[in-house]
Amino acid sequence: MILDTLLIQTVLAGVGIALAAGPLGCFVVWRRMAYFGDATAHAAILGVAFALTFEVSIAFGVLLTAVAMALGVFALSGRGLAIDTLLGVGAHSALAVGILAIALTGARGVDIEAYLFGDILAVGPVDIGIIWGGATVLVGVLVWRWSSLLTATLSDDLAYAEGVSPSRERLILMLAVALLVGIAIKVVGALLVTALLIIPAATARAVARTPEGMAALAALLAASAALFGLLAAFEWDTPAGPTIVAVSAAGFILSLPVSALLRVGGQNGIINR
Amino acid sequence: MPRLQYSIEMSLLAAHNLAVRLDGRTILSGVDFSIQAGEIVTVVGPNGSGKSTFMRALIGALTPSSGQVTRRNNLKIGYVPQRLHIDPTLPITVARFLNLPVRRPNSAIAATLDEVGLPDIATQQMTTLSGGQFQRVLLARALLASPDILVLDEPTQGLDQPGIAAFYRLIDAVRGRLGCAVLMVSHDLHVVMSASDRVICINGHICCEGAPTAVSSAPEYQEMFGLGTQGALALYQHAHDHNHEGCTHGEAAE
């Protein structure tokens with residue numbers, strides 16, 4: 001019975017995260033922001049240290065550092081250093097300093113692995129509230145800004161000519177990724193958050209014909225991966241994050257032949273019309 | 001040349017003493033420019049001369065380091081970019097692309113696709129289009145806004161000769177229907193010049209401007225483009241004059 005309640009709570013949390021991660025992940029894929037996702041997620045470990053030290057909620061601490069990383073990268077990008085260098089410096093420094101800080105503050109009994117790989121036992125009703133609240137805000141922003149985000153993703157100049165500011169849309173997406181990291185870290189873990197963004201979107205690409213179709217399918221795929229991944233994690237007592245990601249990756253591998261078939265069909269003018 | 005003295009108030013789009021610096025390098029300086037309703041203006045210049053920078057400053061994609069750009073109130077710009085790379089991970093049909101960022105009625109989309117000579121293409125993926133089809137779809141997208149001015153940045157780059165000629169005929173036809181102004185950057189001097197009301201020659205600043213024949217004989221222009229272009233220009237004028245009965249052959253051809 002206790003296990004059932006736990007399972008339901010965890011699945012609720014995982015599915016909530018996934019429903020937001022799927023559509024947001026499409027933008028991460030289209031705009032090649034994967035490395036940015038990693039940097040933000042690694043900064044989250046620093047946020048965990050911060051939260052433990054000052055005894056605030058983990059989600060709040062993580063959100064704070066993730067947003068700081070997003071704003072930092074946004075402010076520094078385009079000022080000399082290549083963006084992947086900048087992200088590399090930010091990501092690994094934040095991870096290192098975060099782990100150091102947890103070690104130094106001597107927060108006893110802190111299982112760092114739980115934050116790196118996710119911990120299904122850590123999720124309570126409050127977390128579910130935070131996750132669904134955050135996910136609702138995320139999806140709401142994506143729906144609200146959808147046309148502008150998509151135009152800015154296609155071309156900066158096209159966006160300018162339409163009165164859409166590409167840098168504003170870029171900042172919105174960066175903050176959205178930071179928010180997702182904030183709500184996802186307990187379940188999926190810092191090291192694997194980006195996978196939840198990218199793999200469902202990449203899988204959905206195989207059959208999608210419009211951006212909206214791809215976003216909806218990515219949400220569905222991510223939610224299924226979360227559901228089956230968490231069931232498996234309970235069944236075999238495995239860490240939550242890696243199990244969800246492994247299920248997601250299996251889906252991606254299964255999509256490869258489909259994608260290849262569609263490509264061949266498209267070339268012959270059979271399917272892709 | 002007194003006919004070039006337009007008042008800023010009357011113009012659709014104007015630049016006053018415009019300068020643009022990028023990465024500490026001055027790309028453009030001292031540019032005064034204006035375009036009137038219905039006018040066709042072509043911007044020419046060598047590679048790296050600041051033509052695209054000029055266009056991007058006019059549409060608001062670049063902030064001038066000094067000077068200013070003024071637009072008539074509620075000016076609708078139809079912008080056709082130099083090239084548009086759509087990431088292969090982004091699935092998008094022609095119809096969906098034409099609905100960005102503003103939703104258009106299906107009937108308008110069908111009519112516009114017809115006009116650019118691409119009926120039955122609406123459900124096709126953007127990434128499967130040929131270069132010529134892609135440029136026409138970009139033009140269709142610009143047209144759907146019923147623009148007061150079409151801004152085209154080397155729209156025929158990557159097209160073959162017949163494709164280029166067809167694309168310019170299309171622009172001509174579209175402009176005839178909409179009566180919009182056309183501001184176009186071009187490398188295809190021999191095709192474009194005689195269709196323009198005015199040619200502006202840019203190389204970091206405006207070197208010379210005026211009617212096509214005046215510019216092509218200007219020393220600044222000849223110095224910049226050399227004699228090879230003269231031959232091509234002559235060729236075109238010759239052919240062009242043949243299309244219009246009663247006209248004498250172009251001076252440059254004789």
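Analyst: Two strands pair if DSSP finds at least two bridges between them. Strands (E, at least two residues) and helices (H or I, at least four) are DSSP runs, numbered from the N terminus. This is a predicted model, in which local features need pLDDT of at least 70 and side-chain atom pairs count only at pLDDT 80 or more, while totals for chains, interfaces and linings use all residues. Residues are numbered from 1 along each chain as its sequence is written, and chains are lettered from A and ligands numbered from 1 in the order in which they are written.

The part in question is an open sheet of chain B, made of three strands in the order β2-β1-β4 with antiparallel pairing. Strands of a sheet pair through backbone hydrogen bonds, either parallel or antiparallel. The edge strands are β2 (25-35) and β4 (66-71) of chain B, each pairing on one side only. From one strand to the next, the twist averages 25°; angles run from 0 to 180 degrees between N-to-C directions, and axes are lines fitted to C-alpha atoms, for helices over the stretch in contact.

Strand β1 (residues 13-22) of chain B pairs with β4(B) over five bridges, in the antiparallel sense. One of the partners is T70(B) in β4(B), which bridges to A14(B). L13(B) stands opposite R71(B) in β4(B) and opposite I35(B) in β2(B). Between β1(B) and β2(B), which run antiparallel, there are seven bridges. These two strands form a hairpin with two residues between them, where D23(B) takes a positive phi near 50°.

Helix α1(B) packs on this sheet and touches β1, β2 and β4 of chain B. The direction of α1(B) makes about 120° with that of β1(B). Contact here means that the C-beta atoms of two residues, placed from the backbone, lie within 7 Å.

Next comes the contact between the chains, with 22 residues from chain B and 24 residues from chain A. On the chain B side, the elements that give two or more residues are α1 (51-59) and β5 (77-80). The residues of that side divide into twelve nonpolar, seven polar and three charged. Ala, Val, Leu, Ile, Met, Phe, Trp, Tyr, Cys and Pro count as nonpolar, Asp, Glu, Lys and Arg as charged, and the others, Gly among them, as polar.
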